[in-house]
Each structure stands twice: as structure tokens, then as C-alpha cells.
Amino acid sequence: MHDDRKLVEERLNRVLTQRIMPAVHAERIPLDLRVWQVPGEPVPVAQALSAEYEPFQVGQQWGRPWGTCWFRAAGEVPQRWAGQRVEAVFDLGWVSDWPGGQAEGLVYDPAGHPIKGIAPRNQHVPIGGPGPVTLLIEAAANPDILHNGFVPTPLGDLATAGDEPLYRLARAELAVLDEEVWHLGHDIEVLRGLMLELAVTDPRRHEILRALERALDALSLDDVAGTAAAARARLAEVLSRPAHASAHTVSAVGHAHIDSAWLWPLRETIRKTARTFANVTALAADYPEFIFACSQAQQYAWVKEHSPEVFQRIQAAVKSGQWQAVGGMWVEADGNLPGGEALARQLVHGKRFFLDEFGVDCRGVWLPDSFGYTAAYPQLARLAGMDWFLTQKISWNQTNKFPHHTFWWEGIDGTRIFTHFPPADTYVGEITGAELAHTVRNYAEKGGGTRSLLPFGFGDGGGGPTREMLERSRRVRDLEGSPRVVIETPDDFFAAARAEYPDAPVWSGELYLELHRGTFTSQARTKAGNRRTEHLLRVAELACTTAAVRGRFDYPYERLDRLWKTVLLNQFHDILPGSSIAWVHHEAEAEYARVTAELEEIIDAATAALAGSGDTPWVLNASPLPRTEVLDGAFVRVDPSYVGPLVPADPPAEEVRAGARYLDNGLVRVEIDDDGLITSIIDLAAGREVLAPGRRGNLLRLHADLPNEWDAWDVDRHYRHQYTDLTAAESIVLAEAGPLAAAIRVERAFGDSRIVQTIRVRAGSRRIDVRTEVDWHETEKFLKAVFPLDVHADRTAAEIQFGHVFRPTHTNTSWEAARFEVYCHRWLHAAEHGYGVALINDATYGHDVTRDGGATVVGLSLLRAPRCPDPGADQGTHQMTYAIVPGATIADAVAEGYALNLPLRIRPGGAAGTAAPLVDVDGATLEAVKLADDRSGDVILRVYEALGGRATARIRASFPVAGIEVVDLLERPLPGESLALEPDGGMSLEVKPFQVVTLRLRRA
Ligand SMILES: [Zn+2]
């Protein structure tokens, strides 16, 4: 046979797009439009119902950036359409078919009840029989921020966005949907999609081609509607052939990945969820097999508050089994930066919301889009009662292809969780032939497993899954050449995947994303806000629990719950990473300021209740470790987790001596040159120099930083090729001269910016602090503080949630080379046998570690200045402190990390007071002290093993305890775990490396 394949395929494309698709809505009647432009921010529907509307024509412009227009659309369904499928069709003037991140609408009936959302790929609204029709459309003129690629735009902030209308309304009409033509379109699309993925040597490809050709021959271009059925009949046979016995199974799960804030503010996400969820519940009614998985408790909470009718529809869909709440987190948080306790609370608040609202106990973590995943996850997820984990983001790796799609992921403590990466490499699937074929080709566990998951549906306001996707899914349930597609819940998928492949391969350690490495640093004020409020929450819970147990204070359950949820929301995977528009980050900074003020007030009230009145100094140490340090010009020793009268300590033998260029406290001696750089750090106890020979420490290095794309997200390796060392100092002043502390202040000006650093040494401590204030006005620059250490470290330890990970310092393999920028939490530790150095920080996450001969060079990533999506990112003032601790073990790093982030607090109080901490934990690290969420008054302790070894922890409470229980993160008893109360009221607990244990102490 002559090969005319190309000709037939081209004919098919033209007829499908230019004849069949336009014939789907054969008969149309324009709707009359009137408009009301909301003067300010969005309003409730009730207000729109009573507003004054003006005439409006299709083709007219509407919508200043972020503005809302309400359209009233009126028309009449004619009698002759009786019995046919009538719908209204709208085109708000979409800039492309990119679904999400641009104009969207929510359609209401005349009484103000929401019907469904409209978006570029979901434009219809079902209409009943003949008679008058009135619809209200709340249209949001959200700007398409990335329309011109990764370039600065003023559109991301209400203050700079201007008021030029963005959209031109293109279509508003009533139409009849011709079902036969519509189905013919789906038949052809599915067969064409399958055909194009089959090998040219595969007979099936040619059989489909000839069937499609016969269908085209049966279709009259002059009467598509009248001949569609005949054309379909020619396709019935090829559509009826069953899948191969060995066909892969795709578990298709409806989904809508809605970023809680990103290229739009939080307030718009509230509306996006209402639109998409209204669509989803409408679709569920039309397609009984449809199942939708939806994460992020916060979004449900918004819908419950702002769109109660949509929420009721969700409740009904959950009951009917068509809607599965998944993920069990408050939001889909960043996977790297949230602190340990915060990550636990993401799971607690998410799971509890779904339990309370729907009686659903989520079984898995659903994080398709976060930028890498901490090795602490497997344990925390299991402790929250989860048994599966899903993402696909690692498919975005720039360098290395991840070897698995279905595997056991093992965390730092050895806990494993069954994990799946959808091999379609997307979380916004459409169930196309290309996607399904890619799924099968890509799936790495072939031979071991036979199934994979495909999340389908448009995200970010694109409207979620569509009827077109469901029509396609019906046709590929059992179709020769295609994988089998079943629609099922993620829980069902994971149960089947695990049952068929219990000995799946194991991946141990963090899931590092080889992309978006700038998210460890971008929008530094947002990150500092997160770090500080996480620690303030800890202080507040400790102070409130201590005061409440001692009967002096009502535990502020509601306030703490609300404050936690604000901090958790801002850990969303485009807020904390710094990848959102200006609006979002301004709001986050304001929220952190509000949370900080309220927590300070709570801490103050709780400690005041404990301390009473008087002028005895009281101290609060929220760190889990004892401290001996300089406080308010005195030397004090404070127990861990202590709120009580201050106990002075003997000052250390040596005072701090200082000169114009040196600081010396008998433990460390720091020398500074005329550039203000550190030329020497001598560990006097160990008798060794800490800095590499001939190198200077705390070197501020300003790099050019223009990634190839994804500005706020990415640092590309080429940043290292271009830099300026900031060596010129404007002034170097001895700012504090002992005897308990001494400091040298160095001021520098560079570009349009200034930086003031105070290098400080205190009596009795090896920690050398560098307090840093920057007035930052650079663009596309990356500021690092570099410490070349005379330590030969094969690997560094970096603090993560409830422990640390080791990362090699070499670049032998492409995997290590790709980790040229990493993160840690409060500390990073570099050591050779017998000697280590720790770098501690109070707000800096990004780091890089390189080797230079025998030296280990650590760079702290202090600031960036990307220009997209927020052209003003990071401009302005920043405060941060980092520190170097010579001669530090990992235990020292842990202690100094807590100490720097939890400064001692002092206040006046009465002379009498209990001088014992509420609880004393020895041998393990206490991470949280709080009252139980069930308001029983029980005290909850979360402890963990921080060093990577085994230990026997001794726990003693300073209040009467009737019993003790090991519980999960949700404070529910863990079966099989028990702990005995010893006669003296204490208890012993065996902890394994990096184990996290939550205890419930029942009060007597
Ligand atoms: Zn996302």
C-alpha cells in the first residue's frame, strides 16, 4: 500500500478543528449583557444582586487589573430547543488557553446561588428548558503575570498594577450542544491521540488510521450534524477492541492543583476554590464514576466560610464517595523549610480538619508540587497515621532522572513510607493519548509493578477536571494499544500498588529537587518571619502551659490555634519559598508582624501571671538545653524549658579582652584586618586556627544572579562565575569592650546598599556572632557570607526537622554536583575526625559547601534580588544573625541553634516562685510542650533524639502525673506503645536515632 499516512492525519486535523468542533454548538443566540464594575475589592453576591448595572456589549473591554466586574446575562431559550442540551457559553476574553492565572468567572443563578465556574478550557453553564434565562457572572480580571515570560511586571501589586482594562469580552450566548457531533469529536480525539503514540510498525496504528479515514469519508462537511452518527459508526469497531492482557493500569484521579497564593493574592485563591469546587461538584453529578481528590484543609475552611453552599455540595460529594479529602495537611507546604514542629502541625491541623468536618482520616501525604522533600517526612507522616506519599516534582530535576516511580522512601530514622511519583510527570493531567503513552514508557517499575496514578484536571483556577477529560477516560477504560484507565481514589490506588509490589525498591534520604534552589533564599523577610514566629509559638506554648498547669492562666487554645494556622498558611509552597508576587509577600510580612505582636503579648501575659509583681528578675529559657550566658550585663545559668526567678552564676574565669582589631575571651581569639574581614579565629582550647591558611572569613561575596528562567525560584550554577568581594570597609569600630562581651562593628557601602555587621564575642562562649543589618537595593544579585574552614570534611551535617542529614562535599557524581546549593535549618556542621566547626543562623536557610584543597568552604546565602514575579523582591532592610562556633560537636550545634533562635527573656517578678521547669527531659531533646488539643488539660510533650544515636531519656514533671501514654501527632494513643510511671513520678524512654516521640501526661 502507498504510504499516505501524513495526508490522512492532516485531513483529520483540519476536519476535526475546523468543521467538527465548531459544529458542536450549531445553534446559538446571543445573550444581552449588563455590567457592574465593583469599585474596590471583591464583594459578596448579595451586594452584586442589588447593584446598578449598565449596558455592555460583547467586544467591549472590561476589568482593570485585579478588578471584578459582575455581568448580568439575560436571554430566552426558544421553544424549538425543547428536549435538547442547552448551555450558556462564555469567553471572557481569555489571553490563551492557559487555564489558571488569568481571568475567571463564577456563574450564579438570579437568586445568587453559585452554579459553576468558567475558565478558558471550561466555558459552559448548563441551562434548563425553554423560557427566560438570567445569569450573574462574577468575573475576576486577574492579570496573567507570566504572559511575557520571566520579565519584571508591575501587575503583581495592586499599588502598581494601573487601571487599564485587561480583557475584551468575546462571547456570551445560549447554544445547543449537539451530542452526536460532540461524541464524534471525542471518538476521533481519543483514537487520534492513541494512533500517534503507536509505533509506525504496529498494525494497530494503521487499522485506526483507516477507520478514521472511513469516518471522514462518511461525514458530509455540508451536514456535519446529520452525518455524525454515520461517521461514529465507522469508529465503533476500533474503539471496541480490548486492551492487551499486559496493559499498564492508570488510576486516574480528578484533581485541581490550586496554589494557595502565587501569581495572585490569598483573597483570589478564596474565590478560585469556590469556582473550581462548584465545577467539580457539578461534574460529579453528571459523571457518577468521577472521583476527585482534594488537599489543603485551609482551602476547605475558606469555602466553608465564604461559599457555604459550595461547601454543602462538597460534604454531599464526600458522603457519596466522589470526593476524597487527601494530603492531611493544612496547606501543601514547602517540603524543606518548615521547622520540625511546624511540619508536625501541618499534619495535625490538616488531618484534624478533615476528621472534624467529614469524619475522614487521611491516609496519605499529597504534595505534587513542593520544591523537594525533607528526609524527616517518612517518620512524621507515619506518626500522623499516614501510609502513603505522593509527589511528581522530582521529575523537574535539571540533571538526574530519578530512578523510581513506586518505591519505599526511607527517612533519617529508618522509617519507610510507600511512595509514588506519577510517571505522567504532571499534576494537571488531561487524559490524552500522549500523556498515557508517556506514562507507560516512563514508568520505571515495569516488571515489578503494573500501575500508576494520574492526577487530572486544570489547576490554579483553570476549573479542575472537565467533562472532556471524563469522556476520554470512558473511551480508554479498555482499549487496545492504550493503558487501562480506571478512575479511583488515591487510597485505592496505593493499596493496590503496594499489594502487588510489597518489596518495591528503597530510596533513602532527602528528595532533593535539582531546580528552584533559589527558594532557600528569595524573599528573606518572609523567611525570617517564618523562622521567628515558629520559635515564638514554641515560647508561647511553653509559657502558657507552665502558667496553666500552675493554675495561674487560662490556656489560650483559640488564639494559639489561629496563630498556628496563620504561620502554617504562610508555609505554602509559593509563599515561604519566596516565589509569589509582591502582593503576597507584603501581606505575609504584615501577617508575621501581627502574629509576632500577638505572641509577644501572650508570652508576656503568661509569664506575668507566673512571675507576679516585684523587682526580682525572672527569666524564660524556651530552649530544651541548659544555658550559661551573659544576660543583661550579668552571667546566668538557666535550666532548660524554664520560667522562673533568675539564678546568677559565677562568671567565667576569663573576661573578654578586645582591641581595635581583635576579640579574645580565653576560649577563642578573633582577629580582624583593615578590611574588616576576619583573618584568624583561634580555638584557644584546641590550639588551632579555624580559618584556612591565607584565607579570610566572613567574606561578603556579591554574585551576579540571573538564572536562565524562574528568577525567584532558581539559582543557576553560573552564579559562581561572576562576583565581587566586598572588601572595602567604611568604618571599623570597637563597639563593645567587655568585660562580659565585646564587639567590633564593620560598616560597608556597595552598589546602592549598605551593610553593618557587628562581630561579637561573649565571656564563656566559643560562639562568635555576626549580627547583620543590610539596607539592600541591588537587582539580580546574590549575597553570600563565606567561611573557608581549615577542616577536611568529607561531608557536612545540616539540621533539618527533628534531626540532620549528611551531604557529601565532593562532586564525584552528577547527583552531588547538582546539589550546589542546599538548605539547612538552624545549623550546618563541618568536621574532620576529632574537630568540627558549626555555622549557626537565625534566619538563613540557603548554604553552599565546596572543597578547596584541604579546606571546607561554607557560604551562607544571605540575600537575593530576583525581579520576577516580584520586581521589588528583597529590596529594603533586613536583620539577621549568623555565628561560627569553633570546636563544635553536633550536640554543640544543636544547642547553639536553639540558643541563637530562642534568646533568653527577662522580666521583673515577685521573689517567690517555683524554681523547677515544668518538665525536665534528659537524654532526648524536648521540641514542644503544650496542653492537649482535646482540652482535657493533659500536657503533651514532643521529644526527639537529635544526634543520630540511641539514648535513654529521663523525663520528670514538676506537677502531679496520673499516667503517661505514647501518642501519635494527633495525640491519639499509639497501639502497642506503653510507658510506665516510676514511683518517683519520673519515666524512662528508650529512643532510637532521630526518633520522634509524643507523650501525653495525664494530670493527677
Ligand atoms: Zn503549586
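The zinc donors first: in sequence they are spaced H-x1-D-x109-D-x203-H. Bear in mind that this is a predicted model. The residues in question are His257 and His573, each through NE2, and Asp259 and Asp369, each through OD, with distances to the zinc ion of 1.9 to 2.1 Å.

What do the angles say about the arrangement around the zinc ion? The 4 donor atoms subtend 90 to 156°, so the arrangement is irregular. For tetrahedral, all angles would have to lie between 85 and 135 degrees.

Now the aromatic rings. The structure holds 44 aromatic pairs. One of them is phenylalanine 402 with tryptophan 507, a tilted pair, 4.4 Å centre to centre and with 50° between the planes. Phenylalanine 402 sits in the loop between strands S17 and S18, tryptophan 507 sits in strand S22, and the two are 105 residues apart. Both phenylalanine 402 and tryptophan 507 are buried.

Another tilted pair is phenylalanine 750 and tryptophan 776, at 6.3 Å between centres and 55° between planes. Phenylalanine 750 is in strand S35 and tryptophan 776 in strand S37, so this pair ties together parts 26 residues apart in sequence. Phenylalanine 750 and tryptophan 776 are buried as well.

There is also a cluster linked by ring pairs, including Phe277, Tyr300, Trp323, Trp330 and Phe456.

Last, lysines over rings. Lysine 272 lies over the face of tryptophan 264, 4.1 Å from the ring centre. Lysine 393 is placed over the face of tryptophan 396, at 3.2 Å from the ring centre.

How values were computed:
Residues are numbered from 1 along each chain as its sequence is written. This is a predicted model: local features need pLDDT of at least 70, side-chain atom pairs count only at pLDDT 80 or more; totals for chains, interfaces and linings use all residues. Side-chain values use heavy atoms; hydrogens and water are left out. Donors are N, O and S atoms within 2.8 Å of the metal (3.2 Å for Na, K and Ca); water is not among the atoms, so sites may look incomplete. Four donors count as tetrahedral if all angles lie between 85 and 135 degrees; four count as square planar and six as octahedral if opposite donors are over 155 degrees apart and all others between 65 and 115; anything else is irregular. Rings of Phe, Tyr and Trp (its six-membered ring) pair if their centres lie within 6.5 Å; planes under 30 degrees apart count as stacked, over 60 as edge-to-face and the rest as tilted. Helices (H or I, at least four residues) and strands (E, at least two) are DSSP runs, numbered from the N terminus. Buried means under 20% relative accessible area, exposed over 50%, partly exposed in between (1.4 Å probe, protein chains only). A charge sits over a ring if NZ of Lys or CZ of Arg is within 6 Å of the ring centre and within 35 degrees of the ring normal.
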